Amino acid sequence: MHTLFGTALVAAGASALNQWLERRTDARMPRTANRPLPANRIHPTEAFAFGLVLGVAGTAYLALMLPHALTAVVAASTLVSYVWI
């Protein structure tokens, strides 16, 4: 259960940060233009902070609750690669 919860936090953070990063591109595509960031329903600073808090919280949760720190390292690496690559 700890793995699922921590991973869910990291995945949600990665998704929020990815949408923050791609908000200008999403605004130009009809399929994604109505998302909260491109439609200006959420301020970009709020979305960035939300994604960062979720990602850090999920990584910290995994590091604290599981016996192997490698799990948290893999989760953090996955978050960074999903958002920035």
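## Overall architecture

Helices (H or I, at least four residues) and strands (E, at least two) are DSSP runs, numbered from the N terminus. On this basis the protein chain has four helices and zero strands, and its pattern along the sequence reads α-α-α-α. This is a predicted model, in which local features need pLDDT of at least 70 and side-chain atom pairs count only at pLDDT 80 or more, while totals for chains, interfaces and linings use all residues. Residues are numbered from 1 along each chain as its sequence is written, and side-chain values use heavy atoms, with hydrogens and water left out.

The C-alpha trace of the protein chain spans about 45 × 20 × 20 Å along its principal axes. Of the 85 residues, 31% count as buried (buried means under 20% relative accessible area, exposed over 50%, partly exposed in between; 1.4 Å probe, protein chains only). Contact means heavy atoms within 4.5 Å. Among contacts between residues at least 6 apart in sequence, 64% join residues at least 24 apart.

## Helix H1

Helix H1 covers residues 2-21. The helix has 20 residues and reaches 29 Å from its first C-alpha to its last, close to the 28 Å expected at 1.5 Å a residue (the expected span is 1.5 Å times one less than the number of residues). Its buried residues are Gly6, Leu9, Val10, Gly13, Ala14, Ala16, Leu17, Asn18 and Trp20. The cover over these buried residues includes helix H2 (23-28), helix H3 (44-65) and helix H4 (70-84).

Asn18 counts as buried because its relative accessibility is 13%; leaving aside neighbours within four places in sequence, Asn18 is in contact with Tyr82 and Val83. Leu21 is partly exposed, as its relative accessible area is 34%. With neighbours within four places again set aside, Leu21 is in contact with Val83 and Trp84. Leu21 and Ala47 are 26 residues apart in sequence, and their C-alpha atoms are 9.8 Å apart in space.

## The nonpolar core

A nonpolar core is a set of buried Ala, Val, Leu, Ile, Met, Phe, Trp, Tyr and Cys residues joined through side-chain atoms within 4.5 Å. The largest one here has nine residues: Val10, Ala14, Leu17, Leu62, Leu66, Ala72, Ala75, Leu79 and Val83. H1 and H4 are the elements that give two or more residues to this core, and H4 gives the most, with four residues. Ala75 touches Val10 and Leu62, not counting residues up to four places away in sequence. In soluble globular proteins, nonpolar side chains tend to be buried together.

## Aromatic pairs

Rings of Phe, Tyr and Trp (its six-membered ring) pair if their centres lie within 6.5 Å; planes under 30 degrees apart count as stacked, over 60 as edge-to-face and the rest as tilted. The whole structure contains two aromatic pairs. Phe5 and Tyr61 have ring centres 5.0 Å apart and planes at 75°, so this pair is edge-to-face. The pair links distant parts of the chain, with Phe5 in helix H1 and Tyr61 in helix H3, 56 residues apart. Phe5 is partly exposed, at a relative accessible area of 44%, and Tyr61 is partly exposed at 22%.

Trp20 and Phe48 form a tilted pair, 4.7 Å centre to centre with 50° between the planes. This pair also links distant parts of the chain: Trp20 lies in helix H1 and Phe48 in helix H3, 28 residues apart. Trp20 is buried, with a relative accessible area of 19%, whereas Phe48 counts as partly exposed at 30% relative accessibility.
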